[in-house]
Every structure is written in C-alpha cells, then in structure tokens.
Amino acid sequence: MSCFDLEELLFSLHRATGMTVQLLDAQFRAVICYMGERTYCTLLHDRPGAVEHCMRSDLQGFHAARDTGKQYRYVCSFGLATAVTPIRDHHRIAGYLYVGGFVKEQDGVQGLLRCVRELLGDVSEEMALRAAAEKLPRTSEEHFAALCMMAQLCCDYIERHALLPAGAETIGAMAEKYILNNLQSKLTLGKICLNLHCSKATLTGRFRQEYGTTVMDFVNEKRLERAAELLLRSQNQIRAIAEECGFSGVEYFSAQFKRFYGMSPLAYRKAGGRKF
C-alpha cells in the first residue's frame, strides 16, 4: 500500500469524527495534518504567549506517550480534549497519531474561557472567542473514549501494514507542505510552528537555510503563483481568486501581483500569462 492510502485513512478518521488528526514522526514533527474547527485556536494563537503554552502542553503529551509506549489522553492548556498514540515499527516508536479539538461536556465553553483567563489574563475580544468556542464539537467522557479507541485502531492498522513513511523530512520541507496545503487560510509563523511543533527560531533559521528566503515571503510567492494559475485556467472574478489564495483584500492582492509579475491580474489574464 502507498502513502496515499495512509493519507486516505487519516482523512477518513478526520471526516468521520470532526477531530483534528495529525501524524507526527518520532521527533514530534507533523507529517500529515487534517484540521478540525480551528477558529478558537487561531484567535488564541494571535495573543502573546499562547503558542508557547500550546506547544508546552502538547510536548508533555508526546513525551508521556513516548515514555509509556501507550496512548496518552489529556486536556490541552486551553481546555480541549486531546490524545496522543505512539506508532511502532517493530520495537521502536516511529511516530505518533495526535487527535483532539473537542470540548468536554462537563467543562463547556465557560471552562475553556476560564483556562484562557488563567493563562493569558483578561482576554480582549472575548465575545469573538466565545463564539468560536461555541462552534467546537462537544464530547462526553464515553464518546471521547470511543474516539480514542478509533485512533488506536488506526495506529494498529498503520503498524500492521507498515504505512508510516520511512525517513524524516526536513523542517523546511514539512513547512512547505503545510503552507501549500493551507494557502487559503490565515498563515502566521506561530500557526505554522504550532503544527510542526517547533520554535519560531528553529523554523525561520532552518527554512532560510533550505530555501534561501523567509517563510512569509515564501507564502506570499506561492499565493501569487497559485493566483496566476487560477487567472489563466478559470473565469473566476479577481476578488474570488484573491480570497481563494488567502489575500485579505483585492486591492492588496492586485498591488502584490503587479509588483511580482509586472502587470495587474486582469492584464495578466488578458495576455495569457505572457509578459510584454
């Protein structure tokens, strides 16, 4: 079976349960990632110190799963039910399956906001955070235990069929894969680091070594390249293409496009991609 089958398996787990599903290598670096409802996390990660709290609690979970060799269930720093399951290759741990993103029914939204206040103090825009938390899927202890059993069965299947890819990708390569799969989303260094489970210093340093540019310049370049492709092979409006490629507004998109390609998006489409 190919790696495609592994991706299909994990996507099916994500689609069936609504959970965030991540496959990580033995160094806790993301290999495959399917995100659940993330508005709550995204709003939090824009606040100083929040990403560090998330990374710290997740690393504690990974270390516990590594040290015990068994699935470890915990509640993350900001109140979401989570589980990490080790995946073995014979007698060594080859990676981990991370699932989570649920609000425990007994805690509710108030419990999440209480965690936020305890760690970050008074929260600005609390109404937006509350609204985002309300969209998160709820789970009882029994329901979450059943979801964790499904995650364990997936890990057993991965082990039995040796589906975990051999060889560790570089941080730069993993960052590129995540960026290309999420160009339409709001991408920040903090969000990318959280999904790769590395610090900003590690990501920026390694990425520049491997690609000779900054992470965010790379993001902008790939968004523009995708936009150029859509301009030529679709009839979508310029505004729709800008949104699909992750630009915050059509004016900003047009300015960036002209700076990169030397002509406006409309002129590029009319010229068939040829520069005058």
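**Entry 1: helix α7**

I looked up helix α7, residues 171–181, and its buried residues are I171, G172, M174, A175, Y178 and I179. Buried means under 20% relative accessible area, exposed means over 50%, and partly exposed lies in between (1.4 Å probe, protein chains only).

I noted how elements get their names: helices (H or I, at least four residues) and strands (E, at least two) are DSSP runs, numbered from the N terminus. I also noted that this is a predicted model, where local features need pLDDT of at least 70, side-chain atom pairs count only at pLDDT 80 or more, and totals for chains, interfaces and linings use all residues. Residues are numbered from 1 along each chain as its sequence is written, and side-chain values use heavy atoms, with hydrogens and water left out.

**Entry 2: partners of α7**

What do the buried residues of α7 pack against? I found β2 (30–34), α8 (189–196), α9 (200–211) and α10 (215–233). Contact here means heavy atoms within 4.5 Å.

I took α8 next. Two packed helices are described by the angle between their axes and the distance between the axes. For α7 and α8, the angle is about 115° and the axes are 10 Å apart. Axes are lines fitted to C-alpha atoms, for helices over the stretch in contact, and angles run from 0 to 180 degrees between N-to-C directions.

I listed the residues that meet. From α7 they are I171, M174, A175, Y178 and I179; from α8 they are K191, I192, N195 and L196. By class, this contact has 7 nonpolar, 1 polar and 1 charged residues. Ala, Val, Leu, Ile, Met, Phe, Trp, Tyr, Cys and Pro count as nonpolar, Asp, Glu, Lys and Arg as charged, and the others, Gly among them, as polar.

**Entry 3: helix α8 and I192**

How many residues of α8 are buried? I read 7 of its 8, so α8 is mostly covered. The buried ones are G190, K191, I192, C193, L194, N195 and L196. H197 follows α8, and its phi is positive, near 55°.

I picked I192, which lies in α8. I192 counts as buried, at 0% relative accessibility. Leaving out residues up to four places away in sequence, I192 touches A175, Y178, I179, L187, L203 and V215. I192 and L203 are 11 residues apart in sequence and 8.6 Å apart in space, C-alpha to C-alpha.

**Entry 4: R47**

I found R47 in the loop between α2 and α3. Is R47 buried or exposed? R47 is buried, with a relative accessible area of 15%. R47 and G190 are 143 residues apart in sequence, yet 9.9 Å apart in space, C-alpha to C-alpha.
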